Amino acid sequence: MSEEFKVEIVNPEKSFLSKEDVTEVVVPAFEGEMGILKDHISIISFLKPGIITIYSKSGVEKFYVEDGIVEFKNNNLSILTSSIFNLNEVEKNKLQDLLKLAEEEGSKSEANDQTKYLVDQKIEVLKSLN
Amino acid sequence: MASLDDLKKRIASVKSTQKITKAMKMVAAAKLRKAQESAEKGRPYSEKMNNIILNLSNGISDKENTSKLLSGTGNDKVHLCVVMTSDRGLCGGFNSNIIKKAKSYFSKISAEDKELKIITVGSKGNDQLKRVYGEKIIENISFKESKNANYFDADKVGKMVIEKFEAGEFDICTIFYNQFKNVITQIPQAQQIVPLNNEEDENNSDESYEFEPDEDEILSNLLPKNISTQIFKAMLENSASEQGSRMSAMDNATRNAGEMVDKLTIEYNRSRQAAITKELIEIISGAESL
């Protein structure tokens, strides 16, 4: 029996990625990292800033996301996000820019707890990448 | 009767107009391909988003306490209309179709004695609406600088709508845009985005989802996003429609200019021949009288 399922990542502009031979996906869900294998229960969750790791027959791919929604149903994983970068293709400068932006955002004091938490996450992840 | 010189000038000017319209048609055709492509590519996102929300709202037991964006405020006194048009003219009936649709909706609302507020996106719509509905327009946004429709712009509009909703400035929000069907047909659409119109008959999944965090939090996060997404979808459809509409309008203009050149050329040749004949008669009759 095959252990593969389908992953689709879409952003508002286009379908970012579509893969049929995925064995495992690790997503940075809102309440912690979440690994998804075949026949996972149907789930809807949010993403926090972090790294999506996709394990497939053709290798491992990593993506940086800032936000999004994941939906898993009938062995179809859909990830909707407005900001996603493939870590292999993105340039170092771009990540540094993002970090700078995030730090500026974090220095604003009026943000509420949730946004602060998200910004902190973003800074942490970006720092680990740079 | 126009003189030969006048006709000659007229032909030249029609010809140069034809050149312009032809060039505009080419440009629109090239842009259309790109706009159409991105409109098609953008569809999966908004469809998926809709699906998730549909699934979510079906799964929610306590409909009363859900986000106001889904269930509405319970009133329908104040209507907010977001009229999305282009920033440039010369695109046939594109803008006037949206305006016509919006105006008929406006008069319906006024007839029901409800309050009306308008946000115009794109300067052409603002130009056409401000004469009659000037005092109703509360905001005018234009994205002249951005070349293509992008999510960032749509998000700005979406955030504004949500801000106004949370401030209790309106109860029902409708967006007006042109849906792209093909190059010659664009259908003006009125889509209600607040509260969300969900067609319950499409209930094909009895499957229960696991939620993380809980439903309410997901919904309250998702619904504002959905508004931006719907607006973005409308912007994409609009930009494809605009280019399509411009292309066919310019195609028509080019053809009309061609017909006009033909007609003028015939007239020019006729009057040239008439002048020659007249001169000949004068010479001959002059020679005869000697």
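Modeller: Two strands pair if DSSP finds at least two bridges between them. Helices (H or I, at least four residues) and strands (E, at least two) are DSSP runs, numbered from the N terminus. This is a predicted model: local features need pLDDT of at least 70, side-chain atom pairs count only at pLDDT 80 or more, and totals for chains, interfaces and linings use all residues. Residues are numbered from 1 along each chain as its sequence is written, and chains are lettered from A and ligands numbered from 1 in the order in which they are written.

Colleague: In β5(A), what is the bridge partner of A:Val25?

Modeller: The partner of A:Val25 is A:Ile54. Four bridges link strand β2 (residues 15-29) of chain A to strand β5 (residues 50-56) of chain A in the antiparallel sense.

Colleague: And which residue of β6(A) is the bridge partner of A:Ile54?

Modeller: That is A:Glu61. β5(A) pairs with strand β6 (residues 59-65) of chain A over seven bridges, again antiparallel, and a hairpin of two residues joins β5(A) to β6(A).

Colleague: Turning to the two chains, how many residues does the contact take from each?

Modeller: The contact takes 21 residues from chain A and 21 residues from chain B; two residues are in contact if their C-beta atoms, placed from the backbone, lie within 7 Å.

Colleague: Which element gives the largest share of the side of chain B that touches chain A?

Modeller: α1(B) does, with nine residues. That side of chain B divides into 12 nonpolar, four polar and five charged residues. Here Ala, Val, Leu, Ile, Met, Phe, Trp, Tyr, Cys and Pro count as nonpolar, Asp, Glu, Lys and Arg as charged, and the others, Gly among them, as polar.

Colleague: Which strand of chain A do bridges join to β6(B)?

Modeller: Strand β4 (residues 43-47) of chain A is joined to β6(B) by three bridges, and the two run parallel. Within β6(B), B:Phe211 is the bridge partner of A:Ile44.

Colleague: Last topic: what are the domains of chain A?

Modeller: The assignment gives domain 1 (5-86) and domain 2 (92-129); such bounds come from an automatic or database domain assignment. Their centres, taken over C-alpha atoms, are separated by 22 Å.

Colleague: How many residues of each are in contact?

Modeller: Six residues of domain 1 of chain A are in contact with five residues of domain 2 of chain A. The domain 1 side divides into three nonpolar, one polar and two charged residues.
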